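Welcome! Have the sequence and the 3D view ready, and try each task before reading its solution.

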Amino acid sequence: MKPKALIIANIEAYLLEPLSAAGFKFSPSQLTFKRAQNEFVQAIHFQANRHNEEDVCAAFWSHYQVSSRSYATWHTARYGREPVNNIVGGVADWNIRNWQFPVIDGKQDKEHQLVDPSHRATVMACLRDNLLELAVPWLERLSNWENAALALVEAQESHARACDFYLMAGKQEKALWALNEGIAYWQKNPAASFPEEKEEIALRMEKYAYA
């Protein structure tokens with residue numbers, strides 16, 4: 001069986017039932033589950049290893065993302081232009097706290113490898129447990145403007161967008177705090193900051209009085 005077909009078959013065998021019960025819909029062609037939660041869209045995407053080869057390698061990773069068209073609408077109304085994207089937050093499986101990869105032949109595998117039939121149940125059961133116990137709660141937590149803003153500040157990235165999310169949550173003081181955190185980070189780490197981010201922070205500082 002070709003790697004993509006094998007991946008789809010195992011996703012459907014192990015993940016389709018519990019995720020469908022939770023309201024997710026699966027697109028086999030895109031290897032993606034999605035569900036709408038109020039003004040947010042939660043997505044679970046499986047990325048196949050580009051080196052996959054029939055009977056040699058059938059590996060993949062999982063990525064999780066929350067997006068919202070409401071952000072694009074709000075951003076356009078406030079700044080007169082659409083944002084670069086409408087992503088609220090995203091993470092790869094290996095960056096989710098407490099994520100456990102399967103142990104195969106005494107070694108922890110950093111990807112979900114299905115080429116060996118004797119290992120598939122272990123790999124997929126481990127993924128299912130991680131997904132339901134860690135990834136779906138992560139998606140739920142990020143489907144909230146204040147939580148999403150705090151996650152950005154804690155990660156020391158996209159402070160301007162964190163400000164926007166706080167404003168959308170009605171947290172004006174926290175919005176200013178996010179901007180100040182961004183300015184402090186940019187000053188301490190100029191090489192790690194994008195000039196565009198500094199410009200976005202300055203724009204929001206000018207707009208802040210009118211929030």
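A word on the ground rules comes first. The model is predicted, with local features needing pLDDT of at least 70 and side-chain atom pairs counting only at pLDDT 80 or more, while totals for chains, interfaces and linings use all residues. Residues are numbered from 1 along each chain as its sequence is written, and side-chain values use heavy atoms, leaving out hydrogens and water.

**Exercise 1. Describe how helix α1 packs with helix α4.**

Step 1. Two packed helices are described by the angle between their axes and the distance between the axes. Axes are lines fitted to C-alpha atoms, for helices over the stretch in contact, and angles run from 0 to 180 degrees between N-to-C directions. Helices are DSSP runs (H or I, at least four residues), as are strands (E, at least two), numbered from the N terminus.

Step 2. Find α1 at residues 3-14 and α4 at residues 120-142; their axes come within 10 Å and cross at roughly 60°. That makes α1 oblique to α4. Here angles under 35 degrees count as roughly parallel, over 145 as roughly antiparallel, 65 to 115 as roughly perpendicular and the rest as oblique.

Step 3. Look at the contact (heavy atoms within 4.5 Å). From α1 come Leu 6, Asn 10, Ile 11 and Tyr 14, and they meet Arg 120, Ala 121, Met 124, Ala 125 and Arg 128 of α4. The residues of this contact divide into six nonpolar, one polar and two charged. In this sorting, Ala, Val, Leu, Ile, Met, Phe, Trp, Tyr, Cys and Pro count as nonpolar, Asp, Glu, Lys and Arg as charged, and the others, Gly among them, as polar.

**Exercise 2. Now do likewise for helix α3 and helix α8.**

Step 1. Helix α3 (residues 69-79) and helix α8 (residues 195-207) have axes 12 Å apart, at an angle of about 65°. That makes α3 roughly perpendicular to α8.

Step 2. Tyr 71, His 75, Arg 78 and Tyr 79 in α3 meet Leu 203, Arg 204 and Lys 207 in α8. Sorted by kind, the residues of this contact are three nonpolar, one polar and three charged.

**Exercise 3. Which parts does the pair of Phe 33 and Phe 46 tie together?**

Step 1. Rings of Phe, Tyr and Trp (its six-membered ring) pair if their centres lie within 6.5 Å; planes under 30 degrees apart count as stacked, over 60 as edge-to-face and the rest as tilted. With centres 6.2 Å apart and planes at 80°, Phe 33 and Phe 46 are edge-to-face.

Step 2. Phe 33 sits in strand β2 (residues 32-37) and Phe 46 in strand β3 (residues 40-48), so the pair ties together parts 13 residues apart in sequence.

Step 3. Phe 46 also forms an edge-to-face pair with Phe 60, 5.7 Å centre to centre and 80° between the planes. Phe 60 lies in strand β4 (residues 59-67), so this pair links parts 14 residues apart in sequence.

**Exercise 4. Is Asn 38 buried or exposed?**

Step 1. Buried means under 20% relative accessible area, exposed over 50%, partly exposed in between (1.4 Å probe, protein chains only).

Step 2. Asn 38 has a relative accessible area of 82%, so Asn 38 is exposed. Its place is in the loop between β2 and β3, and its phi is positive, about 55°, although Asn 38 is not a glycine.
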